[in-house]
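This report goes through one protein model, element by element. Please look at the sequence and the structure before reading on.

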Amino acid sequence: MKIYTLRAKQCLPITVDEAWKLLSDPKNLKTITPDYMGFEILSGADRNMYAGQIIQYIVTPVAGIKTKWVTEITHVIDRSYFVDEQRFGPYALWHHKHFIKEIPNGIEMEDIVDYKVPFGLLGQLVHPILVKPKLKEIFSYRRQKLIELYGTYDSDTHSQITFS
């Protein structure tokens, strides 16, 4: 069983409060998700994030195939971090940690996603040609969208997306 890890870091010239306001409202997910993914929240976004919250989405990640995705917010520390875990959806495992920390003149956002693709060996063969590039594209889009909304932090050398 292969578990992959995606790490993404980005610094922004905003306050922790501004970052938390963006991230703690599930309705903002649509803003930072590529349009082609057809992201639509079905339920669970009627209030700001809290532990135990179940959010249901429809996404269209590949070839126009609509997929239902259900996540649970399992941990929340106000203005510091939260965790969402897939309960139903396209991955065999999806555990996504979101961290925010104050740095001089802004914040650093860090995402750590531990995930497992379905279909065993076949999934592992497809991972480098389909799943990994798609995740990199989605997180790159988010990075660019956040730059459009909030500007850049000094230089872009603080942003990175890595896989292991």
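Leu121 is exposed, with a relative accessible area of 65%; exposed means over 50%, buried under 20% and partly exposed in between, with a 1.4 Å probe and protein chains only. The model is a predicted one, in which local features need pLDDT of at least 70 and side-chain atom pairs count only at pLDDT 80 or more, while totals for chains, interfaces and linings use all residues. Residues are numbered from 1 along each chain as its sequence is written, and side-chain values use heavy atoms, with hydrogens and water left out.

**Helix α2**

Leu121 belongs to helix α2, which covers residues 120-150. Helices (H or I, at least four residues) and strands (E, at least two) are DSSP runs, numbered from the N terminus. Together with Phe119, Leu122 and Leu125, Leu121 makes a nonpolar surface patch of about 520 Å². Patches are built from residues with over 30% relative accessible area and no salt bridge, where like charges are joined within 9 Å and nonpolar side chains (Val, Leu, Ile, Met, Phe, Trp, Tyr) within 5 Å. The areas come from the Shrake-Rupley method with a 1.4 Å probe, and for residues only the protein chains shown count as cover.

Gly123 also lies in α2. Gly123 counts as buried because its relative accessible area is 6%. Leaving aside residues up to four places away in sequence, Gly123 touches Val117 and Pro118; contact means heavy atoms within 4.5 Å. The C-alpha atoms of Gly123 and Arg47 are separated by 36 Å, and these residues are 76 apart along the chain.

Val126 is another residue found in α2. With a relative accessible area of 26%, Val126 is partly exposed. Val126 and Arg7 are 119 residues apart in sequence and 20 Å apart in space, C-alpha to C-alpha.

Where does α2 have a kink? The kink, of about 70°, lies at His127, shortly before the proline Pro128. The bend at a residue is the angle between axes fitted to the seven residues ending there and the seven starting there.

The buried residues of α2 include Gly123, His127, Val131, Leu135, Phe139 and Arg142. The buried residues of this helix pack against β1 (4-12), α1, β3 (54-62), β6 (93-103), β7 (106-116) and β8 (160-163). After α2 comes Gly151, whose phi is positive, near 90°.

**Salt bridges**

How many salt bridges are there? The count comes to 9 salt bridges, a salt bridge being a side-chain nitrogen of Lys or Arg within 4 Å of a carboxyl oxygen of Asp or Glu. The table gives some of them.

| Pair | N to O distance |
|---|---|
| Arg87 and Glu72 | 2.8 Å |
| Glu85 and Arg87 | 3.2 Å |
| Asp111 and Arg142 | 2.2 Å |

Arg87 forms a salt bridge with Glu72. This pair links distant parts of the chain, with Arg87 in strand β5 (residues 81-88) and Glu72 in strand β4 (residues 65-77), 15 residues apart. Arg87 is partly exposed, at 43% relative accessible area. Glu85, which also meets Arg87 in a salt bridge, counts as buried because its relative accessibility is 18%.

The side chains of Asp111 and Arg142 meet in a salt bridge as well. Asp111 in strand β7 and Arg142 in helix α2 are 31 residues apart, and the pair links distant parts of the chain. Asp111 and Arg142 are both buried. Elsewhere, Asp17, Asp78 and Arg79 are linked in a network of salt bridges.

**The loop between α1 and β2**

Ser24 is found in the loop between α1 (16-23) and β2 (40-43). Is Ser24 buried or exposed? With a relative accessible area of 4%, Ser24 is buried. A polar atom of the Ser24 side chain lies 2.7 Å from the backbone oxygen of Trp20. Ser24 touches Asn48 and Met49, when residues up to four places away in sequence are not counted.

Asp35 lies in the loop between α1 and β2. Asp35 counts as exposed because its relative accessibility is 70%.

Notes
Polar contact = N/O pair within 3.5 Å; in protein donor to acceptor, adjacent residues only side chain to side chain.
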